[in-house]
Protein chains: 4
Amino acid sequence: MDFSIPAELQALQARTRAFIADELIPLERDARCTPHGPNEDLRRELINKARAAGLLSSHVSAEFGGLGLNHFAKAIVFEEAGYSPLGPVALNIAAPDEGNMHLLEQVASPAQKERWLRPLAAGKIRSCFCMTEPAPGAGADPGMLMTSAVKDGEDYLISGEKWFITGAEGASFAIIMAKLENGDATMFLADMDSPGITIERAMDSLDTCFPGGHGVVSFDNLRVPAEHILGELGQGFRYAQVRLSPARLTHCMRWLGAARRAHDVATDYARKRQAFGKPIGAHEGVGFMLADNEMDLHATRLSVWHCAWVLDQGALGKHESSVAKVLSSEAIWRVVDRSVQILGGQGVTHETVVARIFADVRAFRIYDGPSEVHRWSIARHILRGNQHNAH
Amino acid sequence: MDFSIPAELQALQARTRAFIADELIPLERDARCTPHGPNEDLRRELINKARAAGLLSSHVSAEFGGLGLNHFAKAIVFEEAGYSPLGPVALNIAAPDEGNMHLLEQVASPAQKERWLRPLAAGKIRSCFCMTEPAPGAGADPGMLMTSAVKDGEDYLISGEKWFITGAEGASFAIIMAKLENGDATMFLADMDSPGITIERAMDSLDTCFPGGHGVVSFDNLRVPAEHILGELGQGFRYAQVRLSPARLTHCMRWLGAARRAHDVATDYARKRQAFGKPIGAHEGVGFMLADNEMDLHATRLSVWHCAWVLDQGALGKHESSVAKVLSSEAIWRVVDRSVQILGGQGVTHETVVARIFADVRAFRIYDGPSEVHRWSIARHILRGNQHNAH
Amino acid sequence: MDFSIPAELQALQARTRAFIADELIPLERDARCTPHGPNEDLRRELINKARAAGLLSSHVSAEFGGLGLNHFAKAIVFEEAGYSPLGPVALNIAAPDEGNMHLLEQVASPAQKERWLRPLAAGKIRSCFCMTEPAPGAGADPGMLMTSAVKDGEDYLISGEKWFITGAEGASFAIIMAKLENGDATMFLADMDSPGITIERAMDSLDTCFPGGHGVVSFDNLRVPAEHILGELGQGFRYAQVRLSPARLTHCMRWLGAARRAHDVATDYARKRQAFGKPIGAHEGVGFMLADNEMDLHATRLSVWHCAWVLDQGALGKHESSVAKVLSSEAIWRVVDRSVQILGGQGVTHETVVARIFADVRAFRIYDGPSEVHRWSIARHILRGNQHNAH
Amino acid sequence: MDFSIPAELQALQARTRAFIADELIPLERDARCTPHGPNEDLRRELINKARAAGLLSSHVSAEFGGLGLNHFAKAIVFEEAGYSPLGPVALNIAAPDEGNMHLLEQVASPAQKERWLRPLAAGKIRSCFCMTEPAPGAGADPGMLMTSAVKDGEDYLISGEKWFITGAEGASFAIIMAKLENGDATMFLADMDSPGITIERAMDSLDTCFPGGHGVVSFDNLRVPAEHILGELGQGFRYAQVRLSPARLTHCMRWLGAARRAHDVATDYARKRQAFGKPIGAHEGVGFMLADNEMDLHATRLSVWHCAWVLDQGALGKHESSVAKVLSSEAIWRVVDRSVQILGGQGVTHETVVARIFADVRAFRIYDGPSEVHRWSIARHILRGNQHNAH
């Protein structure tokens with residue numbers, strides 16, 4: 001048992017922290033930050049900065065230009081990246097691209113990797129992941145998948161509607177989850193400019209951190225050749241799991257960084273702002289909120305590290321990532337909400353970055369499985385007789 | 001002891017409810033709703049609708065065009081108004097105008113009433129209340145007031161900076177809290193186009209419900225004649241109290257309506273959206289959230305009614321309004337947050353009105369005294385030996 | 001709408017409060033207080049005191065020696081009674097006798113009333129209510145009732161096992177819920193010394209407030225003549241409802257008094273005990289707990305009053321009593337737990353009465369329907385389309 | 001970074017677990033378990049069992065008969081021990097003896113070790129730690145120490161009153177904190193049968209796990225020779241710190257085991273008990289409680305391991321042990337409270353061990369520093385500018 005961070009990883013952590021502080025925080029109020037994330041011009045500038053700093057796509061293997069970080073190393077680096085809303089975009093580790101790269105590297109054919117993974121990992125293009133559907137389709141319950149893929153000669157014709165498709169606007173390609181005629185789910189790759197793909201509209205959301213925002217995308221007899229099937233036919237749900245457990249955990253890592261930022265801003269304010277004769281932090285009412293933040297950040301970090309370690313041992317980590325996700329997303333939410341409260345009026349305005357983090361992070365208790373679905377999954381795991389204290 | 005609503009008040013409640021449903025909810029997606037509230041064109045249209053419906057400025061006395069509602073009647077009507085983000089603006093009962101009308105009616109001279117209260121109550125103009133200051137001035141601790149009023153002949157020269165001034169942009173006049181040379185606080189009335197008043201900038205905020213948003217306002221030797229002193233010299237803090245207790249409670253009333261709206265939208269969704277083989281409301285995880293909403297709405301309504309009754313008995317209600325404010329603002333927040341969670345992805349987008357309510361209501365745990373300041377005030381009340389069960 | 005207490009009820013409240021303070025609190029450390037409640041000797045002494053004070057069985061009609069209080073009046077008086085763990089026993093308004101008297105008065109035949117209600121209301125005897133069964137019988141789910149009543153001539157033969165039978169030891173008679181051969185539930189009356197009734201054992205419990213404690217009772221062909229059927233055949237569940245809604249609410253009333261006592265003891269301590277240079281109540285960490293207590297007591301009292309008013313209007317109040325029960329039992333629990341915390345080491349010892357209240361009140365979140373069952377019942381009520389804001 | 005447990009430690013864990021299951025759980029209902037803990041006869045039997053199993057006093061160095069476990073190894077073994085209320089007593093690792101052994105081993109002179117540590121580590125005698133005083137003495141604020149030690153020749157005369165002295169009844173010796181004439185705090189060793197020591201009375205408490213219960217002890221000119229000063233004169237508070245950080249953490253370890261037991265009992269019940277047509281665990285309302293238990297146990301274990309690792313690196317771990325203490329004691333409390341709730345009526349009776357754990361564990365949020373004192377200490381640590389993310 002060991003909680004230490006190896007020296008070279010500490011160096012990478014320090015380098016990332018300095019990059020965020022020196023290069024990104026000054027750009028947070030750049031006018032190219034839109035309600036739908038940094039625009040493409042800003043995104044490219046950020047990507048170039050990260051490439052110059054040797055920090056681009058660090059989770060991808062060296063073959064595709066990354067550093068091949070394991071899950072624990074990602075926990076360290078991604079937390080630093082999340083410290084600025086611009087960090088994940090700059091380092092090319094934001095959702096959904098980060099998870100898509102992970103999935104492609106695991107599952108895609110060599111040709112698919114060259115065509116889609118290489119430019120994605122280089123930050124030259126963006127991608128999207130088309131899974132969630134409007135009612136009565138697949139939402140929290142993926143089993144309700146309705147988008148269909150019908151065999152037509154050697155090709156498949158995909159039809160259906162998706163929404164909450166993060167980054168759809170501006171994406172070069174999509175990974176599409178669809179249901180075969182036999183009911184099996186399969187993933188397909190398609191360029192976004194293919195005939196049959198339409199971005200119906202952008203959805204307005206509380207968060208403003210994802211390039212391209214969230215879109216409604218429809219498929220109308222989109223023709224996909226067999227060689228663009230991602231991995232094997234009928235393995236869609238299995239691949240979703242391959243993608244989801246680590247992708248879920250990287251969300252925890254990034255938002256942990258964001259929560260730490262909110263806490264730091266609030267702490268700084270609590271030291272300086274006076275009320276009733278002393279700094280507000282010297283009032284227990286505020287001090288206790290800082291203490292609770294500290295404990296929530298600590299528990300989040302430990303559970304993220306633990307789950308990363310489990311994944312690094314080669315396990316699927318389905319249970320552990322559910323635990324880490326619920327624990328983290330709720331603890332992080334409390335930290336950010338308390339930070340808003342400590343900042344008073346400034347907390348609910350864009351005088352500081354905290355209001356932005358607050359609006360960005362609310363969705364994290366919902367996406368990649370709402371707390372309620374994970375709690376139920378954890379409960380079934382317990383009831384099946386699994387020891388909660390097994391390692 | 002009686003929890004019934006008199007028949008005529010029930011009729012007014014029903015009329016208000018129908019007005020909100022028929023006239024306002026269809027306008028909620030009107031393009032004239034800006035990040036800084038309904039624009040002036042929309043506001044005037046809303047005011048005209050309410051006037052036509054006989055619902056304008058119902059809290060003001062008949063002399064100034066209102067219905068002269070007592071606090072309990074306001075609890076009923078304002079809750080209905082809050083059901084739409086447009087309701088308070090339409091009925092001319094939004095902050096800060098509603099509280100300003102209340103204060104002017106209590107304290108202003110006949111001439112001041114004619115000049116400022118009459119057009120304000122008619123919805124022809126808007127107003128602002130200039131109290132909060134940037135550090136190191138008056139925030140949660142009003143005693144730190146720095147804006148100064150220096151006697152100059154028969155006039156006063158006011159200098160200082162204020163922020164979080166809701167509705168400053170577009171307001172016709174301001175009530176300004178300033179400190180005399182002897183340290184006493186005094187309120188002054190001034191037209192916003194007076195020389196010496198500058199709106200430095202608008203503040204970007206999470207909420208989008210207040211016309212004019214929140215501004216930074218500076219005073220540079222603003223000259224105010226003695227007849228524009230509001231009430232008596234040196235009574236600023238006492239008048240703030242006259243204004244704050246009821247104004248605090250009307251916030252509770254309006255936001256209770258907003259929370260009820262969020263709950264209704266979530267309930268409707270919980271009935272219809274299926275997951276894992278049944279409507280999501282039939283899952284205890286969601287059903288329990290609805291039950292908790294019900295209890296929070298119930299406790300909020302009862303505490304608001306209780307405090308309204310205390311005020312209607314002629315008491316100042318300082319303690320009761322602190323209790324109602326903390327209890328309500330925190331319960332309402334939980335209701336809205338749960339409603340977001342029940343709605344899943346839609347909860348964090350503007351597919352429904354709930355995300356807007358969510359962003360609007362966060363500040364309510366902060367303004368008119370953050371929870372921490374009220375908790376401390378409640379604690380001192382208890383420690384001074386007051387019976388919590390006295391009526 | 002009116003929150004005032006009529007003058008004569010205020011007088012009764014004051015009289016009850018004085019009785020508790022003067023007559024009962026001095027007896028709280030009497031050695032006759034056993035782990036299974038006040039023993040019979042002490043109980044009779046308490047009953048005599050209350051009779052002398054004119055406060056005995058106040059909820060029963062004058063015909064049977066009570067004051068015929070309505071539900072609101074009970075809310076006032078029972079809260080006062082609950083202020084001492086001895087109060088409900090002394091005033092003969094403790095569970096299960098209080099609910100049994102209520103039920104008998106509503107449903108029993110004149111002969112049954114003379115035989116069982118009259119001496120019960122006079123405090124001469126005690127009773128028990130035999131409903132809950134060990135697995136796989138009726139617990140939180142009353143539909144799982146297994147105790148059987150088989151017709152035998154004009155009589156019924158009852159067999160089965162019950163547990164958590166409060167007051168069984170020492171009770172003179174029982175109301176027994178059993179299932180007829182056709183599956184319908186029926187209530188029967190039987191003297192506890194009848195052949196066929198055995199008290200198998202006492203159960204050790206956290207609470208020590210109920211005379212006789214909680215017992216396991218078995219029925220082995222207990223013969224009950226038809227005239228001892230309580231009310232009509234097959235109406236067992238309906239009568240359970242008649243008993244449960246008000247009985248549930250009187251629990252809220254009594255425990256509210258107990259929570260107020262805990263809060264008062266903690267407040268007194270917070271005023272006097274010094275730490276880090278000032279009274280501990282002057283530390284926000286403690287002061288905020290007192291403030292939260294105040295809000296929880298306030299919300300509890302309001303919801304109890306509201307539900308009492310609903311019952312006084314003649315409604316069944318099933319939903320309202322569920323809301324009041326969950327809200328009260330959880331708020332009361334928080335108050336008592338915080339009071340323990342404020343008292344520090346003394347809170348977890350019997351140096352004050354608070355540890356006793358703490359151990360007594362935990363079960364209240366479980367009996368008369370655990371929070372989870374009520375939350376689900378509230379949820380279904382909402383989902384069926386009931387307006388939460390109907391009065 | 002590594003969360004694995006070395007093989008030999010896993011073996012010790014398994015051995016301890018088996019010992020608890022096979023030897024102690026069958027004895028939990030032994031009549032020799034009194035309200036003031038296992039009596040001396042049972043205690044000796046338990047000690048003998050543990051000695052035979054090679055598990056006695058494992059935290060003490062081999063020189064004094066233990067296994068010399070480091071903090072992490074203690075985290076593993078003590079959690080197992082806590083699984084039964086009898087575990088810590090049997091393994092001779094219960095408070096206050098465990099902390100006293102730790103302190104003596106660090107600070108005592110060779111002669112003191114032979115006289116007091118050796119028989120204590122062998123389980124032949126018990127000890128107590130006399131620090132807490134009734135008002136106006138030292139409670140949560142140790143600075144208020146009033147017990148005095150006055151120099152008299154080569155000896156010291158100690159006078160004062162202590163309470164909440166765990167294990168005083170039956171202890172062979174005491175460590176006594178007293179204040180010198182110059183105000184410095186010093187620790188003294190004294191046999192309990194010395195003239196001048198009186199156990200005034202036992203305190204009745206909610207917990208029943210500590211042999212000897214909690215006593216009130218008075219010192220009246222207790223004469224202590226200079227060689228019985230523990231360590232150096234005037235170092236009392238420093239030694240208290242030496243004792244407290246690890247002692248605080250071992251509490252977390254043991255109570256984690258107790259909470260795991262409660263959770264296991266509740267899980268077992270949730271699998272078997274039916275209600276409304278399925279096992280209660282299959283109701284989300286119960287399943288979610290199990291999931292929350294899992295997360296609380298997980299966060300507790302991780303924070304305990306983290307703090308143990310910090311201590312094993314040689315750091316004082318004052319901040320980390322405060323974090324671990326608040327986080328653990330509150331999470332453990334929630335786990336046990338939820339387990340009671342899941343068990344329904346049985347949860348509040350002694351039908352299972354859970355009610356006993358519930359009554360035992362409440363005090364843990366208070367002793368070794370109540371949550372409020374630790375939160376304030378954590379807050380000051382943050383405000384002083386310490387990075388919460390430093391390792």
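## A pair of helices in chain A

In which kind of crossing, left-handed or right-handed, does H8(A) pass H9(A)? The crossing is left-handed. Keep in mind as you look that this is a predicted model.

Let's see how these two helices sit. Helix H8 of chain A covers residues 284–312, and helix H9 of chain A covers residues 318–343. Their axes are 9 Å apart, and the packing angle is about 155°. Angles over 145 degrees count as roughly antiparallel, so that is the label for H8(A) and H9(A). As for who takes part, the contact of H8(A) with H9(A) has 14 nonpolar residues, along with eight polar and five charged ones.

## How confident is the prediction?

Chain A has an average pLDDT of 96, and 98% of its residues score at least 70. For the model, ipTM is 0.97 and pTM is 0.97.

## Where chain D meets chain A

Now hop over to chain D. Its contact with chain A uses 38 residues from chain D and 38 residues from chain A. On the chain D side, the elements giving two or more residues are helix H7 (236–272), helix H8 (284–312), helix H9 (318–343) and helix H11 (371–383). Which of them gives the largest share? That would be H8(D), with 15 residues. Sorted by class, the chain D side has 22 nonpolar residues, ten polar ones and six charged ones.

How are the two chains related? Turn chain D by 180°, with a shift of 0.0 Å along the axis, and it can be laid on chain A with an RMSD of 0.0 Å. That is the relation of a two-fold axis. In chain D, the C-alpha nearest this axis belongs to Asp2(D), 2.4 Å from it. And 100% of the interface residues of chain D are also interface residues in chain A, so the copies meet through the same surface.

## Zooming in on that contact

One helix pair across these chains is H9(A) with H8(D). Here the axes are 10 Å apart and the angle is about 85°. A range of 65 to 115 degrees counts as roughly perpendicular, so H9(A) and H8(D) get that description.

You can pick out the residues involved. H9(A) brings Val323(A), Val326(A) and Leu327(A), while H8(D) brings Glu294(D), Met295(D), His298(D) and Ala299(D). By class, the contact of H9(A) with H8(D) has five nonpolar residues, one polar and one charged.

## Where chain D meets chain C

Chain D touches chain C too. This contact takes 39 residues from chain D and 39 residues from chain C. On the chain D side, two or more residues come from each of strand S10 (274–275), H8, H9, helix H10 (354–361) and H11. Of these, H11(D) gives the most, with three residues. The classes on this side of chain D are 18 nonpolar, twelve polar and nine charged.

A rotation comes up here as well: 180° with 0.0 Å of shift along its axis superposes chain D on chain C, at an RMSD of 0.0 Å. Which residue of chain D comes closest to the rotation axis? It's Ala359(D), whose C-alpha is at 3.9 Å. The same surface serves both copies, since 100% of the contact residues of chain D recur in chain C.

## An oblique pair in chain C

Chain C has a helix pair worth a look. Helix H3 (residues 71–82) and helix H7 (residues 236–272) of chain C pack at about 40°, with their axes 6 Å apart. H3(C) and H7(C) are therefore oblique to each other, and their crossing is right-handed.

Among the residues in this contact are Phe78(C) of H3(C) and Trp255(C) of H7(C). By class, the contact of H3(C) with H7(C) has nine nonpolar, four polar and four charged residues.

Two cis peptide bonds first. One runs from Ala135(B) to Pro136(B), with omega near 5°, and Pro136(B) lies in the loop between strand S3 (127–130) and strand S4 (148–152) of chain B. Another joins Ala95(C) and Pro96(C), with omega about 0°. You'll find Pro96(C) in the loop between helix H4 (87–90) and helix H5 (97–107) of chain C.

The phi of Asn221(B) is near 50°, a positive value in a residue other than glycine.

Notes
Residues numbered from 1 in each chain as written. Chains lettered and ligands numbered in written order. Predicted model: local features only at pLDDT ≥ 70, side-chain atom pairs only at ≥ 80, totals over all residues. Contact = placed C-beta atoms within 7 Å. Helix = DSSP H or I, 4+ residues; strand = E, 2+ residues; numbered from the N terminus. Nonpolar A, V, L, I, M, F, W, Y, C, P; charged D, E, K, R; others polar. Axes fitted to C-alpha atoms, helices over the stretch in contact; angles between N-to-C directions. Parallel < 35°, antiparallel > 145°, perpendicular 65-115°, else oblique. Left-handed = near helix turned anticlockwise from the far one by under 90°. pLDDT = per-residue confidence, 0-100. Least-squares fit on C-alpha atoms with pLDDT ≥ 70 in both.
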